[in-house]
Amino acid sequence: MPASQLAPDIPADVLAAEQAHLAASRAALKAMREHAQSLSADAAGDWVSQQILQSLLDQRVAALADHADTPLFFGRLDRESPERSGRESDEEHSDREPVDLPTTIYVGRRHVHDGHSKPLVIDWRAPVSRAFYQASPSDPMGVVRRRRFGYHGGALTAFEDEPLSEGVELGPSKILTDEIERPRTGPMRDIVATIQPDQDEIVRATLAQTVCVQGAPGTGKTAVGLHRAAYLLFTHRERLARAGVMIVGPNRAFLSYISSVLPALGEVKVDQTTVAGLLGEHAAPEDPLVAAVKGDARMAAVLDRALWLHIVKPEEGLVFTKGAYRYRVADYEVREIVASLRGTTRYNPGRAALAQRLAHMVLVRMEQRGESPDDRVQDAVARSKPVKQIVDAVWPKLTPEQVLYRLLSDREFLAKAAKSDLSPDEQEMLIWRKPYRSWKSAKWSAADAALLDELGDLMERTPSLGHLVVDEAQDLSEMQLRALGRRCRNGSATVLGDLAQGTTPWSTSSWQSVLEHLGQREGEVTELTLGFRVPREVLDYAARLLPSIAPGLAAPRSLRPGAGSLSVRAGDSVAEAAKEALAKEGSIGVIVPDARVAEVSAELAGLPHAVLDPDSAEEHRLLVIPATLAKGLEYDHVIVVEPADIVEAEPRGLARLYVVLTRAVTSLTVLHDRPLPAELTA
Ligand SMILES: Nc1ncnc2c1ncn2[C@@H]1O[C@H](COP(=O)(O)OP(=O)(O)OP(=O)(O)O)[C@@H](O)[C@H]1O
């Protein structure tokens, strides 16, 4: 039997049987949905419980929707013997009880069963589905035959068989290749039918395991991160529904591009945000060198000292008057309390504890005088004016902004806080050239946002999520990584990135260091090496930049040769190149130096197009994209305008050029009037 079998050789009866299984599965899903719709929230006792239950039922009904154009299942496994879809020993499996599984199972986007609880489709994330992605002739994992299905629209039109128990090498899968080659339109789609074995390893890593993935452009890092989130939510539904999962991406354009992947996988309760969205949308312009100092992890110790320097040595005791009596706490006693609290709590709880401890001392004095005050009296004393006055004087109420304002505007204070952690030159760099009138009118930069967040955490503990997926992590400063690390302090992370695509002043050159600042030292660094997006010819061209931007990295590999995909032209017009691309199938991205967006858009005036706008859901086949927004995105046809300008626009301009040259799925056209950067012609 041939390793693969495709139309027109497909036996009609086999295809008809598979189509019948699809029809039966669809009907069963419809019945499941109708059943969910028939459930009533009235059984819940009170109004609030009813609302909660109704919202859960609504979610369940929505999750059971059948999308006619999305394949309900995409694979089938014929196995040696039935087994139970039991819980994996170390995994808190989803909400279903183990069931007996038939020898033949269908793998799809979600679980579907008939009226007798017989599974018709098994969720791709279930343990038993793993073999669909991992089984091979050398390790069949109990699978005799793997069948992949091909769809046209929503109709099942083809299949392809891979015999796994005969020890025969498998040929290339046409269904898989077709899926990877499919032209891109609109937002990113899921890859659930074609996850590769090395990607699957990452997707299914256990919840406790932090994974860090280095991968060249288009190796599927983002796709893997999103599927891992979906896998973890399925496998640890209850725990993660409580603790939360969050995806952090580089910018809003990227978030909008990836926004439909998780909902398509049935996961709607995942926050997707940017670092700015998480830490505050501060964007005051800043010299990259200053930003680099602010992004350095040494700032953590400086901020810690800056905050605690606000504690003033108590010089006076407390006098609390009640009726005819005065109760005193001596100055040395106040000093002792402050000293015992300092360093043992966060700043704000410390303030509250100081008030309570002072009140407690007053209560002790009252008892010594024969009174018997209760806890309410202690609270009242803690809130009383004399206690508040002492607390405010000794342990003042502060906001992160007040502390940072003082640090960046007061040389002497900065020197005290910095000690030897920052050199005098670095301290001088940090001081604002033009100070603001007050902390309230200060304009903060993106780097300041991470400092404010650090101060916020020194004052009050930041709650931790269950799992964090951090994309384009090479671009984050050490202080930003610390901020993200706080948010997975009691959980784990999936860290994704490419050292060659670092474009910020603080881009990292080591994943070990990223993990360290994230507080996930035990995280495992792994690599994805095969590119699914960029044709080989284009990737080889872009890789000429690698010796200059990331000398340690090996040249990336591509799955697709893409002969004729690259065209480099001097003096050609962007409108002509765009017209050529419009005559072909698929999306078109014209990536230009940020400063030339308006000019290029004017040149394209005769062609319907839009300028990429992260805040607008409007879709256009032809888009003009500022180079700094292109990260993480992809287009079938990419036209890059004036590489030399892109390189010169920023300190890590060569890395930016590498990013924009690697956005193409089918063709890359490079247009230049100026000479190309030397690194590209070498
Ligand atoms: N196993 C796969 N099957 C089909 N398509 C895949 C697979 N893996 C990745 N892709 C596709 O390859 C393209 C690139 O994937 P993705 O954007 O996740 O790569 P990346 O490594 O994050 O790239 P970059 O570093 O450039 O941001 C996407 O269109 C994705 O859907």
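**Ligand shell, domains and helix packing**

Around the ligand, the shell holds six nonpolar, 11 polar and five charged residues. Here Ala, Val, Leu, Ile, Met, Phe, Trp, Tyr, Cys and Pro count as nonpolar, Asp, Glu, Lys and Arg as charged, and the others, Gly among them, as polar. The model is a predicted one: local features need pLDDT of at least 70, side-chain atom pairs count only at pLDDT 80 or more, and totals for chains, interfaces and linings use all residues. Residue numbers start from 1 along each chain as its sequence is written.

**Ligand shell**

- There are 22 residues around the ligand, and Thr194, Gly220, Lys221, Thr222 and Phe532 come nearest. A residue is near a molecule or strand if its C-beta atom, placed from the backbone, lies within 6 Å of it.
- Two or more residues of the shell come from each of helix H4 (174-181) and helix H6 (221-235). Helices (H or I, at least four residues) and strands (E, at least two) are DSSP runs, numbered from the N terminus.
- H6 gives the largest share of the shell, three residues.
- Domain 2 (211-276 + 468-531) and domain 4 (536-681) each supply at least three residues to the shell.

**Domains**

- The protein chain is assigned domain 1 (12-181), domain 2 (211-276 + 468-531), domain 3 (318-394) and domain 4 (536-681). These bounds come from an automatic or database domain assignment.
- The centres of domain 2 and domain 3, taken over C-alpha atoms, are separated by 46 Å.

**Helix packing: H1 and H2**

- The axes of helix H1 (residues 12-38) and helix H2 (residues 47-63) come within 9 Å and cross at roughly 165 degrees. Axes are lines fitted to C-alpha atoms, for helices over the stretch in contact, and angles run from 0 to 180 degrees between N-to-C directions.
- H1 and H2 are therefore roughly antiparallel to each other. Angles under 35 degrees count as roughly parallel, over 145 as roughly antiparallel, 65 to 115 as roughly perpendicular and the rest as oblique.
- The crossing of H1 past H2 is left-handed, a term used if the near helix is turned anticlockwise from the far one by less than a right angle, with right-handed used if clockwise.
- Arg33, Ala36 and Gln37 of H1 make the contact with Leu57, Arg60 and Val61 of H2. Two residues are in contact if their C-beta atoms, placed from the backbone, lie within 7 Å.
- This contact of H1 with H2 has three nonpolar, one polar and two charged residues.

**Helix packing: H11 and H20**

- Helix H11 (residues 288-295) and helix H20 (residues 446-459) have axes that come within 9 Å and cross at roughly 15 degrees, which makes H11 roughly parallel to H20.
- H11 passes H20 in a left-handed crossing.
- In H11, Ala291, Lys294 and Gly295 meet Ala447, Asp448, Ala450 and Leu451 in H20; the contact divides into four nonpolar, one polar and two charged residues.

**Helix packing: H14 and H15**

- For helix H14 (residues 347-368) and helix H15 (residues 375-382), the axes come within 8 Å and cross at roughly 120 degrees, which makes H14 oblique to H15.
- H14 passes H15 in a right-handed crossing.
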